Amino acid sequence: QSREHFYKIIENYPADPAMSGALFMTGRSYYWERDYSRAIPYLDRVAREFPVTKDGREGLSFKGACHVRLGKNSEAAKVYQQYAVMYPTGERIDGAYLNTIDALREAGKYDEADSWVEKARIRFEGMPTEVNALQGRLRMQIHRGQWAEAAMTADTMIAVGNFSGSMTSPDETKFLKGTALEKAGRRAEAGAVFASIPRVFT
């Protein structure tokens, strides 16, 4: 019923102050129904026509999420990058960087993803988002079998140290470091790392 109301605004009252909300809410309703292809036109339109509003910012972010769920990771990365450029202080700016990294990784664009890890480190230095970006790099390196590089990234994460509010923890990072060292054949070092992890993860 709400969507029917929004349709009426969209079709009959293009100058209505509620237009941006109608476009965004319609797109978001399709998103929640997992009808991502139908959501995108509404989200794209609100992002293009109302870029200075919160509805426009949210529309752009949800548009990126739709592309991810459709498996269009390269397109999603472009949308998130657009958000990062247009809204450097936007409500979802940290997600724009992290989602760019994830989308580029899923698209197999590892070098480009890694460059966005560096951009995130500069933009969010000392913040939980820096740790999250490094975690994205660490998992990417493990996926690619870059064991030595993964161990070094884990060390960098531990050195940064701001895990509070991040999506990982020191113990998980140590575990991944130990795994990388073990895969690299450095069993003694791996054993020492594993031994330093409490029985209950923190």
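R92 counts as partly exposed, because its relative accessibility is 35%, a value between the 20% and 50% cut-offs. R92 is a handy place to start, and the points below return to its salt bridge with E58. Please keep in mind that this is a predicted model. Its protein has 202 residues, of which 44% count as buried, and it is built from 11 helices and zero strands.

**Overall layout**

- Reading from the N terminus, you pass through the elements in the order α-α-α-α-α-α-α-α-α-α-α.
- The C-alpha trace spans about 70 × 30 × 30 Å along its principal axes.
- If you take the contacts between residues at least 6 apart in sequence, 47% of them join residues at least 24 apart.

**The R92–E58 salt bridge**

- The side chains of R92 and E58 form a salt bridge, with 2.7 Å from N to O.
- This pair connects distant parts of the chain, as its two residues are 34 residues apart.
- R92 sits in the loop between α5 (73–86) and α6 (93–106), while E58 belongs to helix α4 (residues 54–69).
- Is E58 buried or exposed? E58 counts as buried, because its relative accessibility is 10% and the cut-off for buried is under 20%.

**Other salt bridges**

- In total, the structure holds 15 salt bridges.
- R38 and D35 make one of them, and their closest N and O atoms are 3.9 Å apart. That pair qualifies because the cut-off is a nitrogen within 4 Å of a carboxyl oxygen.
- R38 is partly exposed at 46% relative accessibility, and D35 is partly exposed too, at 26%.
- R105 pairs with E106, with 3.2 Å between the closest N and O atoms.
- Within that pair, R105 counts as partly exposed at 22% relative accessibility, whereas E106 counts as exposed at 51%. E106 falls in the exposed class because the cut-off is over 50%.
- Salt bridges also link D44, R48 and K63 into a network.

**The nonpolar core**

- In soluble globular proteins, nonpolar side chains tend to be buried together.
- Here, the largest nonpolar core has 50 residues.
- Which residues have the most contacts inside this core? They are Y31, C66, Y97 and I101.
- Helix α6 gives the core its largest share, with seven residues.
- To see what surrounds I101, set aside its neighbours within four places in sequence: I101 is then in contact with A113, W116, V117, A120 and A133.

**How α9 and α10 pack**

- Two packed helices are described by the angle between their axes and the distance between the axes.
- Helix α9 covers residues 147–160 and helix α10 covers residues 170–183; the two pack at an angle of about 160 degrees, and their axes are 8 Å apart.
- The two helices are therefore roughly antiparallel, because angles over 145 degrees fall in that class.
- The crossing that α9 and α10 make is left-handed.
- On the α9 side, the contact is made by W147, A150, A151, A154, D155, M157 and I158.
- On the α10 side, the residues involved are T173, K174, K177, A180, L181 and K183.

Note on methods. Residues are numbered from 1 along each chain as its sequence is written. This is a predicted model: local features need pLDDT of at least 70, side-chain atom pairs count only at pLDDT 80 or more; totals for chains, interfaces and linings use all residues. Side-chain values use heavy atoms; hydrogens and water are left out. Buried means under 20% relative accessible area, exposed over 50%, partly exposed in between (1.4 Å probe, protein chains only). Helices (H or I, at least four residues) and strands (E, at least two) are DSSP runs, numbered from the N terminus. A nonpolar core is a set of buried Ala, Val, Leu, Ile, Met, Phe, Trp, Tyr and Cys residues joined through side-chain atoms within 4.5 Å. Contact means heavy atoms within 4.5 Å. Axes are lines fitted to C-alpha atoms, for helices over the stretch in contact, and angles run from 0 to 180 degrees between N-to-C directions. Angles under 35 degrees count as roughly parallel, over 145 as roughly antiparallel, 65 to 115 as roughly perpendicular and the rest as oblique. A crossing is left-handed if the near helix is turned anticlockwise from the far one by less than a right angle, and right-handed if clockwise.
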